[in-house]
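Notebook open, pencil ready. Today I am looking up charged pairs and the nonpolar core, one entry at a time.

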Amino acid sequence: MPRTREIPEVPNRRRHERHDRELPLLLLGTDRLPIDIAPTLRDVSRGGMGFVTDAVLKPGDLFRFKLEMPGRGCVTGMAKVRWSELNPTGMAYLCGAEFESLGWGHAGRLRTYLDPWSGGPSKLLDWSLGAANVLVAFLVLRELSNDPQV
């Protein structure tokens, strides 16, 4: 009787939801010289990105990047390659990288690009509506406590 090998289920260790995006991306070495001027972004999250590149990148390699977000500016920073494998054609590498650091204000810019309702004016509106509800409840209770018929 042939034995079958069971493949254990591997838990998803990602902390951030991935978003499929096709955005212009530039990869630079730590010396700021181009590594790949036309890699293909596969997905991006608040914590990292997946991409295809002609550059030979190995797990642990650090690189700089510039990610263009049409109408939102760009996100720049430093990332570390977490995994890399030759794609089936043998012509490019599939890579996953974790963001090590982002430019000043770029984490918020990326967050609002990926999830427009995650912060900014909507959070202020939520807080304002909550405060208004508390104020109305206070005024109603105050009126009821001053009403001699109650």
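Entry 1: My note on the terms: buried means under 20% relative accessible area, exposed means over 50%, and partly exposed lies in between (1.4 Å probe, protein chains only). I am working with a predicted model, where local features need pLDDT of at least 70, side-chain atom pairs count only at pLDDT 80 or more, and totals for chains, interfaces and linings use all residues. Residues are numbered from 1 along each chain as its sequence is written, and side-chain values use heavy atoms, with hydrogens and water left out.

Which residue does Arg18 form a salt bridge with? I found Asp43, with the closest N and O atoms 3.8 Å apart. For a salt bridge, I need a side-chain nitrogen of Lys or Arg within 4 Å of a carboxyl oxygen of Asp or Glu. This pair links distant parts of the chain, 25 residues apart: Arg18 sits in the segment before β1 (19-20), and Asp43 in strand β4. Strands here are DSSP runs of E with at least two residues, helices are runs of H or I with at least four, and both are numbered from the N terminus.

**Entry 2: Asp43.** Is Asp43 buried or exposed? Asp43 counts as buried because its relative accessibility is 10%. Strand β4 covers residues 40-44. Setting aside neighbours within four places in sequence, I listed the contacts of Asp43 (heavy atoms within 4.5 Å): Arg18, His19, Asp20, Arg21, Met49 and Gly50.

**Entry 3: the other salt bridges.** I counted three salt bridges by this rule. In one of them, Glu68 pairs with Lys66, with 3.4 Å between the closest N and O atoms. Glu68 is partly exposed at 32%, and Lys66 is partly exposed at 32% too. Another joins the side chains of Arg82 and Glu98 at 2.8 Å, N to O. That pair links distant parts of the chain, with Arg82 in strand β7 (residues 73-86) and Glu98 in strand β8 (residues 93-102), 16 residues apart. I noted Glu98 as partly exposed, at 22%.

**Entry 4: the nonpolar core.** How many residues does the largest nonpolar core have? I read off 22. Such a core is a set of buried Ala, Val, Leu, Ile, Met, Phe, Trp, Tyr and Cys residues joined through side-chain atoms within 4.5 Å. Among those with the most contacts inside it are Met49, Phe51 and Phe63. Strand β6 gives the largest share, four residues.
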